[in-house]
Amino acid sequence: MSTTKGPVSQFIEKNYLHFNAAALMDAAKGYETHLLEGGKMMVTLAGAMSTAELGISLAEMIRQDKIAIISCTGANLEEDIMNLVAHSHYKRVPNYRDLSPQDEWDLLENHYNRVTDTCIPEEEAFRRLQKHIHKIWSEADQSGERYFPHEYMYKMLLSGDLEQYYEIDPKNSWMLAAAEKNLPIVVPGWEDSTMGNIFASYVIKGEIKASTMKSGIEYMAWLADWYVKNSSGKGIGFFQIGGGIAGDFPICVVPMLYQDMEMPEIPFWSYFCQISDSTTSYGSYSGAVPNEKITWGKLDIHTPKFIVESDATIVAPLIFAWLLGQ
């Protein structure tokens with residue numbers, strides 16, 4: 001039993017001994033060992049982890065330097081900030097499985113957008129952010145400047161303009177923690193998000209140039225440079241929450257550097273863990289077992305590999321609690 005750990009960690013170490021519970025424990029200890037040996041970690045966020053309020057544990061992971069870089073969907077990028085400024089206006093629907101099409105229509109009519117059991121309020125969340133981010137986009141556009149999606153979000157958070165709306169303890173916002181550290185983020189497929197759609201509408205209306213927003217290809221080029229500069233020594237691990245583009249996009253930087261940039265000495269990812277509920281037999285990349293990634297030049301034979309087939313909203317906070325000594 002680890003004596004320096006808090007009660008949550010002591011509980012899981014004592015009780016999580018088999019099956020997915022044991023995989024959770026093994027992955028947490030592997031992550032811890034990777035950091036202790038001088039490694040860095042990329043964390044990837046799929047789904048609606050921000051709306052699931054992962055920021056409660058993820059923000060502290062960022063503050064304590066347990067994460068070196070994040071890859072996330074555009075939804076996760078914006079929804080953490082939405083929760084920060086509109087939390088009291090969210091509506092929880094515990095009986096979401098019982099909703100009829102009419103019930104869903106009524107939510108729409110009342111300007112609620114549902115994510116499983118949680119409804120995001122359009123006016124207080126989307127439109128509140130839109131007003132402030134549009135100003136930052138427009139100023140960049142007019143001065144001929146270009147930034148990545150997350151850099152605009154950082155500017156908005158660090159300006160202090162949103163503080164008037166804060167409805168949760170700001171220490172529970174992972175985006176605020178990331179902005180304060182200027183943590184590297186890549187946001188593949190950012191266009192597939194509410195703010196991405198809103199930005200596209202300004203482009204269509206001729207109000208903002210598309211080039212004011214740096215692209216996904218530029219994210220990949222930036223990530224390649226970052227990986228080369230940070231992968232020496234113990235190297236960079238890959239902690240994947242869910243599946244999708246948030247994981248698929250950044251993991252490919254290694255085979256790209258090796259095969260397409262002809263850099264045979266580039267290190268593989270040096271730790272791999274995925275929390276997933278996807279099923280291998282359907283041919284999905286999200287459901288692929290880690291060994292499949294060996295054939296794609298992403299993981300080495302000897303890379304520590306873990307897969308926890310469970311609910312990320314349950315598993316990730318427990319692994320983070322272990323790493324934080326809670």
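The structure is a predicted model, in which local features need pLDDT of at least 70 and side-chain atom pairs count only at pLDDT 80 or more, while totals for chains, interfaces and linings use all residues. Residues are numbered from 1 along each chain as its sequence is written, and side-chain values use heavy atoms, with hydrogens and water left out.

**View 1. The crossing of helices α10 and α12.** Helix α10 (residues 216-230) and helix α12 (residues 253-260) have axes that come within 10 Å and cross at roughly 85°; helices are DSSP runs of H or I with at least four residues, and strands are runs of E with at least two, numbered from the N terminus. Axes are lines fitted to C-alpha atoms, for helices over the stretch in contact, and angles run from 0 to 180 degrees between N-to-C directions. Met220, Leu223, Ala224, Tyr227 and Val228 of α10 make the contact with Val253, Val254, Met256 and Leu257 of α12, where contact means heavy atoms within 4.5 Å.

**View 2. Two edge-to-face ring pairs.** A pair of aromatic rings is described by the distance of the centres and the angle of the planes. Rings of Phe, Tyr and Trp (its six-membered ring) pair if their centres lie within 6.5 Å, and planes under 30 degrees apart count as stacked, over 60 as edge-to-face and the rest as tilted. The rings of tyrosine 147 and tyrosine 152 have centres 5.5 Å apart and planes at 85°, so this pair is edge-to-face. Tyrosine 227 and tryptophan 269 also form an edge-to-face pair, with 4.9 Å centre to centre and 70° between the planes. Because tyrosine 227 lies in helix α10 and tryptophan 269 in the loop between α12 and β8 (271-275), the pair ties together parts that are 42 residues apart in sequence.

View 3. Leaving aside its neighbours within four places in sequence, aspartate 141 is in contact with Glu207, Ile208, Lys209 and Thr212.
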